[in-house]
Amino acid sequence: MKNKRGVSEIIGYVLLIAIVVVISIFVYQWLKSYVPQSALTCPDGTAVSISNYKYNCAANANNLSFTLSNDGTFSIAGYFIHASNNSNQTIATIDLSNYYTGPGDNGGGSILLGAGNNLEPGQDEGIGRNTFNLSMTPAIKTGTLTELEVIPIRYVEYNGKQRVANCGNAKISISLSCN
Amino acid sequence: MKKKGVSPIIATVLLIGLVIALGTIVFIWFRSFTQEAVTKFSGENVELVCGDVQFEASYTNGNLAISNTGNVPIYNFSVKIDSGNGQYTTQDLNDLTGSWPKVGLRAGGVFSGNVQTSGAVQLILIPILRGSISSGDEKSYTCGDRYGQTISV
């Protein structure tokens, strides 16, 4: 019998390939959220230190000032600053950004030292900058502070935008005493 | 002998249609076993974001202190309270304390609040993140136990 009828092979191939492509699109849509993306991180080598602090805890004064130095290899944009008034508590939870009186911004709970990563490695931001009036509002009294924690922040490019990265690994703590 | 049967073209179309229909049924059935993906940031599944969460916590004299030292906002915590005899109870932190911020703890944020846990020997804090689902609504996701942090009471 010579007259065999059937689907053309080309049509068969096209159909099969089309089905595979459609199925792969479904699988891709389902799995694409599981593709890991790079996280927003602060580069290793970011480091700061505090020196020359002056903490006056008298009832009619109650202010704090210090020099912040960039000891790392990357410039920073600012910092988060927290304090503790309980020597038994290992984590500082009083947000001192509410008491900031230095120039510049306290935005979103952080102290920004300008519009970008302005504190270059090896530079200091002195007493005139990092000043905090602990008597001002909000009215929640801080009490006598026993510890200070500073976490530097830095602008990094993430997904095509400049985002503020919290450099938690570069956190520093110092014990405070009235002077 | 005249053999009757379906035309090969029709048979092929029927077979392909049957395969597509069966595949769709299997796909819909399989989807019922998987949760709707909750994504965060630029479409990354929230399960992967749990690994980027960093925080510190301590418990002293009834006061729980938490510091978000990472770059992932933490919406809430699931607190497993270990009573020491193999028994656990689980509650969300915003139910244990009235002072947990409604929007959660942003990157760099700190929290201090009174949490009473009578009889507990340790607490396990497991972060809860907030992300988006395909409809655009927000949904919470509790990270796995391995992302929790144990603190002594």
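Among contacts in chain A between residues at least 6 apart in sequence, 70% join residues at least 24 apart. Two residues are in contact if their C-beta atoms, placed from the backbone, lie within 7 Å. This is a predicted model: local features need pLDDT of at least 70, side-chain atom pairs count only at pLDDT 80 or more, and totals for chains, interfaces and linings use all residues. Residues are numbered from 1 along each chain as its sequence is written, while chains are lettered from A and ligands numbered from 1 in the order in which they are written.

Chain A has 1 helix and 11 strands. Helices (H or I, at least four residues) and strands (E, at least two) are DSSP runs, numbered from the N terminus. Along the sequence the pattern of chain A reads α-β-β-β-β-β-β-β-β-β-β-β. Of its 179 residues, 28% count as buried. A residue is buried if 20 or more other C-beta atoms lie within 10 Å of its own, exposed if 12 or fewer, and partly exposed in between; C-beta atoms are placed from the backbone.

Next, the contact between the chains. 30 residues of chain A are in contact with 31 residues of chain B. Helix H1 (9-31), strand E3 (78-84) and E10 of chain A each give two or more residues to the side of chain A that touches chain B. H1(A) supplies the largest share of that side, 4 residues. By class, the side has 13 nonpolar, 14 polar and 3 charged residues. Here Ala, Val, Leu, Ile, Met, Phe, Trp, Tyr, Cys and Pro count as nonpolar, Asp, Glu, Lys and Arg as charged, and the others, Gly among them, as polar.

In chain B, 3 strands form an open sheet in the order E3-E4-E7, with antiparallel pairing. E3 and strand E7 (110-114) of chain B stand at the edges, each with a single partner strand, so one side of each is left without a neighbour in the sheet. Neighbouring strands of this sheet are turned by 10° against each other on average, direction ignored. Axes are lines fitted to C-alpha atoms, for helices over the stretch in contact, and angles run from 0 to 180 degrees between N-to-C directions. Two strands pair if DSSP finds at least two bridges between them. E4(B) and E7(B) pair over 5 bridges. The bridge partner of B:Asn63 in E7(B) is B:Asn114.

Strand E4 of chain B also holds B:Asn68. B:Asn68 is buried, with 25 other C-beta atoms within 10 Å. Beyond its neighbours within four places in sequence, B:Asn68 has contacts that include B:Phe55, B:Ile74 and B:Leu105. B:Asn68 and B:Trp29 are 39 residues apart in sequence and 40 Å apart in space, C-alpha to C-alpha.

Strand E5 (residues 76-82) of chain B pairs with E6(B) in the antiparallel sense over 5 bridges. B:Ser78 stands opposite B:Asp92 in E6(B). The two strands form a hairpin with 5 residues between them, and B:Gly84 in the turn has a positive phi of about 90°. Of the 5 residues of E6 (residues 88-92) of chain B, the number buried is 0, so the strand lies largely in the open.
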